[in-house]
Amino acid sequence: MGFAMSVLEGLALAFAFVVGLFAAAALVMFVIDRSQTEDAIRRNYPVIGRFRHIFSLLGEFFRQYFFAMDREELPFNRAQREWVKRAGEGENLTVAFGSTRNLSVPGTPIFVNAAFPPLADQYARTAPMVIGPGARTPFIARSFFNISGMSYGAISKPAVQALSRGAKEAGIWLNTGEGGLSPFHLEGGCDVVFQIGTAKFGVRDDAGNLSDDKLREVAAHKQVRMFEIKLAQGAKPGKGGILPAEKVTAEIAKIRGLRVGQAGISPNRHAEVDDWDDLIDLICHVREVTGKPVGIKTVVGAAEPIAAFFEVINRRGPECAPDFITIDGGEGGTGAAPMPLIDLVGMSIREALITVVDLRDRADLKERIRIVSSGKLVNPGDVAWALAAGADFITSARGFMFSLGCIQALKCNKNTCPTGITTHDKRFQKGLVVEDKDKRVTRYAKEIIHEVETIAHSVGVAEPRQMRRRHVRIVQENGTSLPLNEITPSYSPVTTP
């Protein structure tokens, strides 16, 4: 009995101590909150005002997992993310009991099934496409769906390794992003597109200028199939990026051509390119030095500048044209950027792609310049729409991030990514097991290709790139739909009999 009383007394004392500790802490917080001048809520409501900040932080979590419907969330909703997850994990992608998508929302694409579609043995298959036939080493691209630019530095070592290995197995290309060519891009054996950013990382001399010797070194890798000169990206059109000095390790400094501890600053444009003629000069120079196809990546702000670009190409001659143009949508991308640029600058890919395709065709450059579409195209319907609208290829960054395990935690710019994709913190990187995630990359890419071929088969064509705007209807404000070719007719040259 005495022992039991001693235990109870001890517990009571411990409880009193804990209560006293909390009371003391609350008193200290009360004094601090009442004295500080930065936060009006905490000053007027000491202690309890702190819960507002806590609930604001937790709100993002609760919306994602408990309150938002499958099709409500932005930038990508749960239905989009779950499709990528199931595809990457090799799960059954069929669904039951009808669509959960609201098909009356204006802008929704609806594909036109053929009255007499091909039989099973006439299934639509993707054909390879040549890029840069005039280059000394043209590139025969096997897939219409590929990995968009994500720099080593912006994403982690295991993320790059998994993408490289997965891309090899899927037969797709991997874009390096503007951070230079790392050994991890090459280790999987996939086709690589080397992106030349405005800071020329990986192909710059000590003064930061483009180095022909470095270009030749990169081009000597047989896996490097093409070069992409980046003018702008969807996350931050008109603004360059910054890799903080503390992130420039010896390894990253060597890859990017920087000094250890030197901030990697990308200007908002290429300093030597003041107009379209200068850009064509740069394209021709890189193609001559490397012998590989060369294209550009940009965000469209208006039709007039792109029309002027095609006019200059025709004046200079088709041989001076870029071998491809990558159009990134203004919807924002993987790069951390100011909110006004992500939200408000640059055309959406839904408008920009059609604009560029029509201007290219009007300039009679369809067979010369391939169009690559990028920007929130992560599911089969989005990819099929882009092909029908006129794209030759589609690239995705965030789709492949989801395949690696991204949960849209929105921590890409804070080095605290909980899945290890966009962080250099070894603790978080342990969660990204390359030997598992590379297979998810492969399966995701193959499922996208398979499902788009399924859509192409349904609309009655033999190859996904044979889909046309007449094969897609767009839902209007009144709930009815119109063929895309009536809303934005494809350009066709006038022929005289």
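**Close-up 1. Pairing of strands E12 and E13.** Val372 has Phe393 in strand E13 as its bridge partner. E12 (residues 370–374) and E13 (residues 393–396) run parallel and are joined by three bridges; strands are DSSP runs of E with at least two residues, numbered from the N terminus, and two strands pair if DSSP finds at least two bridges between them. The model is predicted: local features need pLDDT of at least 70, side-chain atom pairs count only at pLDDT 80 or more, and totals for chains, interfaces and linings use all residues. Residues are numbered from 1 along each chain as its sequence is written, and side-chain values use heavy atoms, with hydrogens and water left out.

**Close-up 2. Strand E12 and its cover.** Five of the five residues of E12 are buried (under 20% relative accessible area, with exposed over 50% and partly exposed in between; 1.4 Å probe, protein chains only). In a regular strand, side chains alternate between the two faces of the sheet. Arg370, Val372 and Ser374 are buried on one side of E12, Ile371 and Ser373 on the other. Strand E11 (residues 324–328) runs parallel to E12 and is joined to E12 by five bridges; Ile325 has Ile371 as its bridge partner.

**Close-up 3. The open sheet E1-E14-E15.** Three strands in this order pair in the antiparallel sense. Strand E1 (109–111) and strand E15 (481–483) are the edge strands, each pairing on one side only. From one strand to the next, the twist averages 35 degrees (axes are lines fitted to C-alpha atoms, and angles run from 0 to 180 degrees between N-to-C directions). Three bridges link E1 and strand E14 (residues 472–475), and Ile110 has Arg473 in E14 as its bridge partner.

Conventions. Helices (H or I, at least four residues) and strands (E, at least two) are DSSP runs, numbered from the N terminus.
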